[in-house]
Amino acid sequence: MSDHEVNADEALDRFMQITAIPGRSGDEAKVAGTIVELLKQAGVQDSQIEFDGAEKRTRIDGNCGNLIVTLPGNGEGPRTLLSAHMDTVPICVGSQPVVEGTQVRSSEPTGLGADDRAGCAAILTAIIERCRRGDEHFPPAVVSFLIQEEIGLEGARHLDVNKIGKVDRAFNFDGGTVEKLTSGAIGGERMTIDLTGIPAHAGVAPEQGVSTIVIASRAIADLHERGWLGRVVQGEQTGSANVGVIQGGEATNVITPNLHLKAEARSHDSAFRQQIVSEIRQAFEKAAAAVQNEAGECGQCKFESHVDYESFALPEDHPSIVTAKAAIAKIGRQAFCEVSNGGVDANWLFRHGIEAVTLGCGQRNIHTADERLEIADYIDACRVATSMITDGATDG
Ligand SMILES: [Zn+2]
């Protein structure tokens, strides 16, 4: 049997079963429970299955940690990691997967949840196919089913890397086409800005007030004029920035004393991203000092920033890329590399010393009610994942 062949009917059934389980971010326990059950049926021992307790370290309270499966094999050769995330966006809760021609969709008005249950099912298929061939014939591998990807890569961020161990090459199966290899991704940072002014009656004594709306308007106009919002290009350096949320104000007759804003900045260059954040901070602080009432009093700016993920880029000759290209060539497709302008779990894996390339599994229209899975692409992703942990067999 060639090292990438899989039982396609079983692989599709496995996807249908896993994608029907409700499991938004923080509620992955049922998904993990089913995966564990299927692993045990395939002969994986309890001692090879572990949870890392990441849900106690994430921003929200979850009911399940990252699920880690160790496949010791014969202990020789490069050690490989396969990864996918178990959570879906909320629109996928209630998905009823049905096959329609060459695709799977949900018969309910929900998303399908192929992002990323197709990734989970593909790497689960790879484990099951490897067990069927006899685990001890293969080099060592480890598989991580991650939590809370959709709310800011929280599972990957809080992964207990000691439970993963050293890996030589790593593959993250997420949304998109099979042949597109994401070999790097942008870094992103989120800011919250809380402005405090001085309330006053807008008709009786407006001169006594300090308006936070005026402070925010000045800061945003200044950033916009100097090119630090939207597409940010300064000399050779590029990035983006956006003020996406402004909340505050209750009445037209009050000088608005409180305003809450949320903003973000991104760049492939982390020093430049930090510079964008610093420009935004300075603009708000400057505006807060400049807007004064008749007594010369001004408001305050409380600025907080949180790195969502750092940028990374793997070189073309990296073992993860070379192996992924070879596995994709073997199923008759031609791989190409791309650098993503959004964050992926691989950003955090990289911070933990795990240098992963990300591949899709045939998902289409993710995060919408018209999400689809292209069945042939998904089966190919299963074959690619299988060959990644079953090539290099000691007996042919
Ligand atoms: Zn995803």
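Helix α3 contains 20 residues and spans 27 Å from its first C-alpha to its last, close to the 28 Å expected at 1.5 Å a residue. This helix belongs to a predicted model with 9 helices and 18 strands in the protein. The protein is divided into domain 1, made of residues 8–186 + 311–390, and domain 2, made of residues 187–309.

**Overall layout**

- Taken along the principal axes, the C-alpha atoms of the protein fill a box of roughly 85 × 45 × 40 Å.
- Of the 396 residues of the protein, 50% count as buried.
- Among contacts between residues at least 6 apart in sequence, 77% join residues that are at least 24 apart.
- The C-alpha centres of domain 1 and domain 2 are 39 Å apart.
- Domain 1 contributes 8 residues to the contact between the domains, and domain 2 contributes 8 residues.
- On the side of domain 1 that touches domain 2, there are 4 nonpolar residues, 4 polar residues and no charged residues.

- Helix α3 is largely enclosed by the rest of the structure, because 17 of its 20 residues are buried.
- G134 follows α3 and has a positive phi, near 95°.
- The largest nonpolar core has 79 residues, and L82, A122, I123 and A381 touch the most other members.
- Helix α3, residues 114–133, supplies the largest share of this core, with 10 residues.
- Not counting residues up to four places away in sequence, L82 touches I123, A126, A141, V143, F171, F173, A385, M388 and I389.
- A second, separate core has 27 residues, among them L195, A219, I220 and I280.

**A four-strand open sheet**

- In what order do the 4 strands of the open sheet stand? The order is β4-β5-β18-β17, and the pairing is antiparallel.
- The edges of this sheet are β4 (97–100) and β17 (363–364); each has a single partner strand, so one side of each is left without a neighbour in the sheet.
- Strand β4 pairs with β5, residues 103–106, in the antiparallel sense over 4 bridges.
- Within β5, R105 is the bridge partner of V98.
- Strands of a sheet pair through backbone hydrogen bonds, in either a parallel or an antiparallel sense.

**Further strand pairs**

- Strand β9, residues 187–196, pairs with β12 in the antiparallel sense over 10 bridges.
- R190 stands opposite E264, which lies in β12.
- Strand β9 also pairs with β13, residues 300–309, in the antiparallel sense over 9 bridges.
- T192 stands opposite E304, which lies in β13.
- Strand β10, residues 230–234, runs antiparallel to β11 and is joined to it by 5 bridges.
- Q234 stands opposite Q237, which lies in β11.
- The hairpin of β10 and β11 has 2 residues between the strands, and G235 in this hairpin takes a positive phi near 65°.

**Loop residue P257**

- P257 is placed in the loop between β11 (237–248) and β12 (258–267).
- Why does P257 count as buried? P257 counts as buried because it has 20 C-beta neighbours inside 10 Å, and a residue is buried if 20 or more other C-beta atoms lie within 10 Å of its own.
- P257 and G209 are 48 residues apart along the chain, and their C-alpha atoms are separated by 8.1 Å.
- Leaving aside neighbours within four places in sequence, P257 is in contact with T196, G197, I198, P199 and T212.

**Loop residue G362**

- G362 lies in the loop between β16 (356–360) and β17.
- G362 is buried, because 24 other C-beta atoms lie within 10 Å.
- G362 and D174 are 188 residues apart in sequence, while their C-alpha atoms are 9.2 Å apart in space.
- Leaving aside neighbours within four places in sequence, the contacts of G362 are A118, T177, V178, L373, E374, D377, Y378 and A381.
- A381, one of these contacts, is also one of the residues that touch the most other members of the largest nonpolar core.

Notes
Residues are numbered from 1 along each chain as its sequence is written. This is a predicted model: local features need pLDDT of at least 70, side-chain atom pairs count only at pLDDT 80 or more; totals for chains, interfaces and linings use all residues. Domain bounds come from an automatic or database domain assignment. Two residues are in contact if their C-beta atoms, placed from the backbone, lie within 7 Å. Ala, Val, Leu, Ile, Met, Phe, Trp, Tyr, Cys and Pro count as nonpolar, Asp, Glu, Lys and Arg as charged, and the others, Gly among them, as polar. A residue is buried if 20 or more other C-beta atoms lie within 10 Å of its own, exposed if 12 or fewer, and partly exposed in between; C-beta atoms are placed from the backbone. A nonpolar core is a set of buried Ala, Val, Leu, Ile, Met, Phe, Trp, Tyr and Cys residues joined through C-beta atoms within 7 Å. The expected span of a helix is 1.5 Å times one less than its number of residues. Two strands pair if DSSP finds at least two bridges between them.
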